[in-house]
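Hello,

Here is the structure I said I would pass on. My notes follow below it.

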Amino acid sequence: MHLPADDDPVRLSGDRRDVLRWTLPLLTLLAWLNLPIVAQQTGVGRLELLLFAAAGVTFAALALMLWRRMIGVPLASWLTLGVLAGMMLERIARLFAGGYFDDSRHSFFMPVFAYLPILYLFCFLLLSPVRTAQAMALAAWLAVLCVVGWLSAPYWQQPDRRDSLQAMLLFVGPAHGLLIVLLGVIARRHERVLKRYARIAAVARRAHASVARSEAHFRSVFEVAAVGMSVSDETGRYVRVNQCFADMLGYSVEALLQLRYADVSDPQDLATGQSLAAQLLAREADGFTSPLRYRHRDGHVVHTQVFGRELAQPPDMPRRFICVVTDLSERHAAEQRILAERRVRDLYFEHMPVGTIEFDVDQRVRRWSPQAERIFGWTEAEAVGQTAEQLGNVLPHQLAPRVRVLDSLTGGERDHHFAVVPMAHRSGRPLWVEVHRLAVRDVQGRLQSVVSMCMDVTERQEMLSMLNESEARFRGIFNQAAVGIALLDADGRWLNVNDKLCEILGYTLEEFLQLDFQRVTHPDDLQRDLVLSRAVMDRSIDHYSLEKRYIRRDGSVVWAMLYVRRLEAGGSTPTRFVSVVDDISDRKSAEARIVALNADLEAQVAARTAQLNELLQTGQRRNTELSLTTELGRMLSASADLEEAGKVVTHYLPRIFPLATGAVYLAGNSAGLFDRRVAWGHGQPGAVQVAVDDCWGLRRAEPHHVEGETDALYCPHAAPHARRHPHLCTPLQTMGRLLGLIELAWGERPDGWAPELSLVKNVAEKIGLAFGNLQLREELRQQATVDALTGLHNRRWLEDYLRARLARHSRDGQGFALMMVDADRFKAINDQHGHDAGDEALRQIAAELRNSLRAEEALARVGGEEFIAVLETDSADQAYRAGERVRQAVAALQIVVDGRSLPQLSVSIGIARFPHDANDLDHALKRADQALYAAKQNGRNQVSMADATHAPAMSSHGAILSEPDRTRVA
């Protein structure tokens, strides 16, 4: 519901748009939630489900269009009520037409009749005025009542339904009608209350509008005022300021509102401002007008005229004070300019003895002094208002330089300029004028005028020009001479020197004029030079020459040929000497080089001989190292196993590096530890055993070089004496595996010998490569002689072992026994339980065989389930007991594979002794095989010994190591 149109802005009851914004999404949710409920009812058609889905889409579309203001509130309200009424009527019709009430167990009081009051409530919520909402609710009530009465007519013929029908019609009829009347009464009372509050609000709005207009008028005057305005409280803090006042003090409005009057007042006027404010606070005065100074944000002073008074406020409101501030800075600046102009007039035009001219900013003459009239010939009346170009004082070729100077003065680059320039008199006579120009600026730094002070220096310039011309000619000859020339007085002080002499001795002209020739003469040549100079002074001789040494400014010595002649002076002029100095250092150096060349050649020959001897020794030592390295590589290549290779390494490394103190560590039995195999040198060896973490080289897998005790990164395993000298740890490695360590220390020899890192790396690479090859060979041999399934030796290894055992028998005569073991009924295990079970059975049998035999006795798998052991005894009794141990151990096995127990295993064993049962190896193997065959024939799971005097008839097959082609009883 909402107010009438004339009171609509008050909105005391809220906007219907807000009601619809909440109602439509709720209706959308209810429509979609009813879909599964309707779908579960008997006889529901697709059309009915589509109608409910369409209703949900309609509610959602109405909500979106209302939110985007594509439709108005009245249209949205009517459409919402229409859809709701349609859904109610459809549900009622569906209940009756679908035969729902045909069953007497179903009541006519369905939830749909209880939902009808919601439709009436939405009418009053969504429609206005109240009469329209009540009419719409009554129309919906009558329509529902008629539909229900018409649809329920067939059920009146059923006596058992009449009571239910009467109750339903009583609920839908009078009860719903009474509810509509009650909602109408409530809505009318609510509307009357809203109208009363709307009238009160209208009066309040009119009063508020009047206050707002007054406030807006005050704000417009306050903000657009051309003078600064501020409102402050009793403490002096600004409550409101306008933009003009903020600009006047260089602050923003927000920043100024955080300050007090005392923060922006000039300290000299602070007491005056506070006194005036105290009078206003005490109400001793209605207002005040006073010149006050403020301090600008950048520090300069702002001169103002301030008018202040108290604002009229209600008694319950805090007191406020308003100030109107007028900026007087420009007037103050004008006063300062007047004072400056007065000082300029008094100083430059009345007291200066030179011609003074004042130009304005356009370079026109503003003042012209009498001295300027005397210099240039123009009177003040003729010159005022004219430029220097118009008067003709500036020569044409001086126009551009003058413009540049004036631009620099007016642009602020400088304030003063001095120059001596050629100018012209009024009559055309040339002048030389000494000009001083001064830029006069105001307090803001703006140019006010340019004052020129002029002095006529024409006569002085003409004399200087003549002197300069004469001096230039003399200087040209003096300075361009190829030898040094100097003028000295009678005391030997330099009066003038040319550039060449300055170059020879390395002094500047100013430094020369502070010296005498005694201070730059070499002490060994000074006495002879003084004797000759006195002779010239006494006029005994007119001149002299000699070779002498001078001391340059940097302390070096230079040889020179000196020529000295006396200048005869006339009148009172003192005696002068002219000295000519010719640099002969190159000639002297050449002579000295020739003298020293022979000695140098002899020294070079001796040094070269020593170098050749040293190179020869180094070459011999290097040849020895290379030879030993090559021999080391050959010996490592010829090594049969890693043990032999370790012996070769410990034998050759001390010979390759005999001048160093070193040690070789190789891998031992413990993982990660390396044992010292050899140590050499003068010092005590380091650790006996080294772990990977004890050596930087092993840890980083690369050489680690330490320069001595100043370097803290030495390895903990190094000996104490090695820490005082350079030492090197080089790891031995192959295929990413650490094999050992080479440790070298040196620095005790006086010749500075040190091992070559390239040689150490080469040796380490050779050792690593050889050990890698041996390891690879050992792995290949291990793979070729070991059975992969059981880990026992294979047939090939057994052949080699038997040949070696036969050779040992030839040496010591010690016999042995061959025990041939075969698993009973093994094929059945593979067939019934799979090959994985058979493999596990073979591994268990092999393990029991290995555990039942002695460690030194050989054991090999020679077939699928067939094993041969070589017993280190030729006693029949011991051999039989060994066979029984094996048979019993296998019989006791309990093998479980994948949770299943395998059948009990057993083995048949045949034993033949050598040389008791056979005189050669092949015959012994055949006898053992015959004994095994006999054990199989006699019932399996037994040990059979070969008969030395009788061989069974079925021994026609070959030796087992030759893989005979025969069929054995499984």
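A polar contact is a pair of N or O atoms within 3.5 Å; within protein, one of the two must be able to donate a hydrogen and the other to accept it. Such a contact, of 2.8 Å, links the side chains of Asp 233 and Thr 235. Please note that this is a predicted model.

Asp 233 sits in the loop that runs between strand S1 (228–232) and strand S2 (238–241). Asp 233 is buried but has no salt bridge. Its nearest side chain of opposite charge belongs to Arg 237, 5.3 Å away, whereas a salt bridge needs a side-chain nitrogen of Lys or Arg within 4 Å of a carboxyl oxygen of Asp or Glu.

Next, the charged patches on the surface.

The positive patch brings together Arg 131, Arg 188, Arg 189, Arg 192, Lys 195, Arg 196 and Arg 199. Helix H6 (residues 159–224) contributes the most to this patch, with six residues. Arg 199 lies in helix H6, and Arg 199 counts as exposed because its relative accessible area is 52%, where exposed means over 50%.

A patch of negative charge is formed on the surface by Asp 499, Glu 503, Asp 582, Asp 583 and Asp 586. At least two residues of the negative patch come from each of helix H17 (499–505) and strand S15 (576–583). Asp 582 is part of strand S15. With a relative accessibility of 34%, Asp 582 is therefore classed as partly exposed.

Regards

Conventions
Residues numbered from 1 in each chain as written. Predicted model: local features only at pLDDT ≥ 70, side-chain atom pairs only at ≥ 80, totals over all residues. Heavy atoms only, no water. Patch = residues over 30% accessible without salt bridge, like charges linked within 9 Å, V, L, I, M, F, W, Y side chains within 5 Å. Areas by Shrake-Rupley, 256 points an atom, 1.4 Å probe, with all protein chains shown as cover. Lys, Arg positive; Asp, Glu negative; His and termini not counted. Charge placed at Lys NZ, Arg CZ, Asp CG, Glu CD. Helix = DSSP H or I, 4+ residues; strand = E, 2+ residues; numbered from the N terminus. Buried < 20%, exposed > 50% of the residue type's maximum accessible area, 1.4 Å probe, protein only.
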